[in-house]
Structure formats: C-alpha cells, structure tokens
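Grab a pencil and open the viewer.

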Amino acid sequence: MTSSLVGSEMCIRDSPRIALQSDGDSNYFWELLEDRITLIKDALVYRINRVNQAKPTNAPILYQYGAFGKRLKTTESVTGLFANSRATVSFGYIGLYEVATVFYGSEWESNPEAKEFTLEIIRKLKMVCDEWSNYYGYHFSVYSTPSESLTDRFCRLDTKRFGRIPNITDKEYYTNSFHYDIRKNPNPFEKLDFEKVYPEVGATGGFIHYCEY
C-alpha cells in the first residue's frame, strides 16, 4: 500500500519565469533550473521531516485505525508508514509550452529540436527524483500538474515583472504542464500524438490529459 505525504505536492516557481529570466540563454536557463530544483528538494525534505514529527494521536484514523495499512500504538513513530517508498513526495511544473516559446518561437510544436529541449527538461526532473528516492528512501516523483489556479496567478505575477510578452504572458495564463497550445485547436488525435511521449519520459507522480471532444 502506498500513501501520499499530506500537502507534499509543490510546483517549480515557475518554468516560464525561469525561461524569461534566462533571456534566451539556454546555459543560464539550465543554471536557474538547477537552483530551483535544489530549493524544491530542500522544501520537500523539510515537509517529510515535519510529517514524521506527527504523533499517532494527531490523526487516529490514518495512524491508529489502519487507513495507512498499519495500526500504530500511541507511542509509536509514524515514520514507518512513509519510508521505504511507501509514500510519494511529488513536485510539478507548468508552462512547458511557454518555456519553449522563449527559445524557439510560438510555433515550436513541429520543431524536433524544440520538442527534444522540452523532453530534456522532463528527463532532468525525473532524474533528480530518482536520485532523491535512492538517497532518502521515499518515492519522489514528477507530477505533470493539473494546476489551474497557478497557471493564471503565476502569469499575472510575471506580467507585472516582465510585461506583456506575445504568446507568453499576453495570453493571461500559462499552459498546464506539457499540454499542446489550445489556441491552435488541435483535434484529439493531433493532441494525443504530440503529448503521449511526455508521460512516458517522466510523469511518475501522475498527469492529466485534457481535450475538448
């Protein structure tokens, strides 16, 4: 049985901002991404440590009455319910379309080099999750984020900082995770064909497919 560390999902803050800060310099983009990844790791490890400070009496249904697969006594540690990959610790991302737009323009979906660039980003996230999982003993995973409120909020914040940038902030929203740009109105088969590789590369924490049929 696996469980999820409560409130463990976090979002890289945010992928388009990193690309905009890099000003089209791909080397600087990767440096900024590394910095954000380190921050995410520290935050997730902090959450793990906080959750492990809980007492069984803090949430009896979860810890004492078997909701997590074990019935702990009041004096036992909750750590065993989460360690050894019994729990997922996830972080997600938004705005992969906007990131590639910074470097390759707004019609990049048909550009193999641009798509490979976006896949390298996901591979990087998956790789660090695997490394953290092996080191800490928890199942760190990449969550291809259904994050509707952040796609609007982060875009508003970046508009204040960077202005209205065509095909990035002027839309007043960021594209969710790896989704195809919905303004291009792809049919379901085009959208599925474009997106199918991203979960295969790295969506170990789950993903959402969205299409208007």
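This is a predicted model: local features need pLDDT of at least 70, side-chain atom pairs count only at pLDDT 80 or more; totals for chains, interfaces and linings use all residues.

Residues are numbered from 1 along each chain as its sequence is written, and side-chain values use heavy atoms, leaving out hydrogens and water.

**Exercise 1.** Work out how α1 and α4 are oriented to each other.

Solution. 
- Start with the geometry: α1 (residues 15-22) and α4 (residues 96-104) pack at about 15 degrees, their axes 7 Å apart.
- Angles under 35 degrees count as roughly parallel, so α1 and α4 are roughly parallel to each other.
- Now look at who touches: Ser15, Pro16, Ala19, Leu20 and Ser22 of α1 meet Glu98, Val99, Val102 and Phe103 of α4 (contact means heavy atoms within 4.5 Å).

**Exercise 2.** Find the angle at which α4 and α5 cross, and list the contact.

Solution. 
- The axes of α4 and α5 cross at roughly 130 degrees and come within 10 Å.
- From α4, the contact takes Leu96, Val99, Ala100, Phe103 and Tyr104; from α5, Glu113, Ala114, Phe117, Thr118, Ile121 and Ile122.
- Sorted by class, that makes nine nonpolar, one polar and one charged.

**Exercise 3.** Check the length of α5, then look at both ends.

Solution. 
- At 1.5 Å a residue, the 25 residues of α5 (residues 112-136) should span 36 Å, and the end C-alpha atoms are 36 Å apart, which agrees.
- At the start of α5, a side-chain oxygen of Asn111 comes within 2.9 Å of the backbone nitrogen of Glu113.
- Just after α5, Gly137 has a positive phi of about 85 degrees.

Technical notes
Axes are lines fitted to C-alpha atoms, for helices over the stretch in contact, and angles run from 0 to 180 degrees between N-to-C directions. Helices (H or I, at least four residues) and strands (E, at least two) are DSSP runs, numbered from the N terminus. Angles under 35 degrees count as roughly parallel, over 145 as roughly antiparallel, 65 to 115 as roughly perpendicular and the rest as oblique. The expected span of a helix is 1.5 Å times one less than its number of residues. A polar contact is a pair of N or O atoms within 3.5 Å; within protein, one must be able to donate a hydrogen and the other to accept it, and residues adjacent in sequence count only if both atoms are side-chain atoms. Ala, Val, Leu, Ile, Met, Phe, Trp, Tyr, Cys and Pro count as nonpolar, Asp, Glu, Lys and Arg as charged, and the others, Gly among them, as polar.
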